[in-house]
Structure formats: structure tokens, C-alpha cells
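Biologist: Could you walk me through this model, one question at a time?

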Amino acid sequence: MATLDQCRAALDRLAQNLSSADGKVRGAAALDRSLSCRITDLDVTFLGRLARGSIQDVTCVPGPPPDRAEIRLSMTGDDLVALVDGQLNFARAWGSGRVKLEAGLRDLLRLRTLL
């Protein structure tokens, strides 16, 4: 089972990957939205903001998110690490229910480029 530190490091790598992306990926990540990533097996939620092509102001709170973010993810810590490391395909994980993604329809259409 991935630790809290490993999940935080994975989110940091994801933020770095987004900030150095180009083309369609950079455009999809250019949203300005609140973001939550619930790590179900650790019972924590990372909160942040997707802005200027990166994930910013990441904090961690125990339990479920205190407020409803505009983009909401939910998964296990192992799946987060595997996604960021490229060992788990996001579209397949989302389709099978291993990863949950909730957002408005317009945001989902823009985010599909990241999938």
C-alpha cells in the first residue's frame, strides 16, 4: 500500500509533468479549477488548484474533502502512484471504476486530452 509521502510525491511529479507539457496536453491543463484527489485506502484528500498548466497549492486533509471541488478524483494510493509512473492507463482505470473522475461536462471534454 502506498504511503502518504509516496502519494504526495506522485502528485508533485504529476504537477511537474503538467507544467512541462506542450501542445494539447498543455491546453487541457490550462483550466483554472479547484481540484480534489481522495485517496480511499489512506482516508485522506489532497486539495489544490489546477491553474496555469499545473497543480498548485496542494494541501492534505483527513477524510473526505470538506468542500466540493470542480474536478474530483478518487482512487487508492497504489493506483495514484501507478498512474503517475505510467504503469496504469487512466482511461482503462476510469472505465473499470478503479479511478473515479467527476467534473462538469465541459471540463471532462477538455480533460479527455490528458487521458
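This is a predicted model: local features need pLDDT of at least 70, side-chain atom pairs count only at pLDDT 80 or more; totals for chains, interfaces and linings use all residues.

Modeller: Residues are numbered from 1 along each chain as its sequence is written, and side-chain values use heavy atoms, with hydrogens and water left out.

Biologist: Fine. What pattern does the chain follow along the sequence?

Modeller: Helices (H or I, at least four residues) and strands (E, at least two) are DSSP runs, numbered from the N terminus. The chain comes to five helices and five strands. Read along the sequence, the pattern is α-α-β-β-β-β-α-α-β-α.

Biologist: Which residue of S2 is the bridge partner of Ser34?

Modeller: Strands count as paired if DSSP finds at least two bridges between them. S1 (residues 33-39) and S2 (residues 44-51) run antiparallel, joined by seven bridges. They form a hairpin with four residues between them, and Asp43 in that turn has a positive phi of about 55 degrees. Within this pairing, the partner of Ser34 is Arg49.

Biologist: And in S4, which residue is the bridge partner of Cys37?

Modeller: S4 (residues 71-75) runs parallel to S1, and five bridges join the two. There, Cys37 pairs with Leu73.

Biologist: How many of the seven residues of S1 are buried?

Modeller: Buried means under 20% relative accessible area, exposed over 50%, and partly exposed in between (1.4 Å probe, protein chains only). Of the 115 residues of the chain, 43% count as buried. S1 is mostly covered, and its buried residues number six.

Biologist: Which residues of the largest nonpolar core touch the most other members?

Modeller: A nonpolar core is a set of buried Ala, Val, Leu, Ile, Met, Phe, Trp, Tyr and Cys residues joined through side-chain atoms within 4.5 Å. Of the 29 residues in the largest one, those touching the most other members are Ile39, Ile71, Leu73, Met75 and Leu80. H1 (4-19), S1, S2, S4, H3, H4 (90-96) and S5 (100-103) each supply at least two residues of this core. As for the names you asked for, they are Ile39, Ile71, Leu73, Met75 and Leu80.

Biologist: Leaving aside its neighbours within four places in sequence, which residues is Leu80 in contact with?

Modeller: H3 (residues 77-84) is mostly covered, with seven of its eight residues buried. Leu80 is among those buried residues. Its contacts beyond four places in sequence are Cys7, Ala10, Leu11, Ile39 and Met75.

Biologist: Last one: how much space lies in the largest cavity?

Modeller: On a 1 Å grid over the protein atoms alone, a cavity is a set of points where a 1.4 Å probe fits but cannot get out, and lining residues have an atom within 4 Å of a point. Grid points are joined across faces, edges and corners, and a volume is the space filled by probe spheres set on the points. The lining includes Leu11, Phe46 and Val58, and the search finds one cavity of 30 Å³ or more. The space in the largest cavity is about 50 Å³.

Key:
On a 1 Å grid over the protein atoms alone, a cavity is a set of points where a 1.4 Å probe fits but cannot get out, and a pocket is an open set with protein on both sides within 12 Å along at least five of seven lines; lining residues have an atom within 4 Å of a point. Contact means heavy atoms within 4.5 Å.
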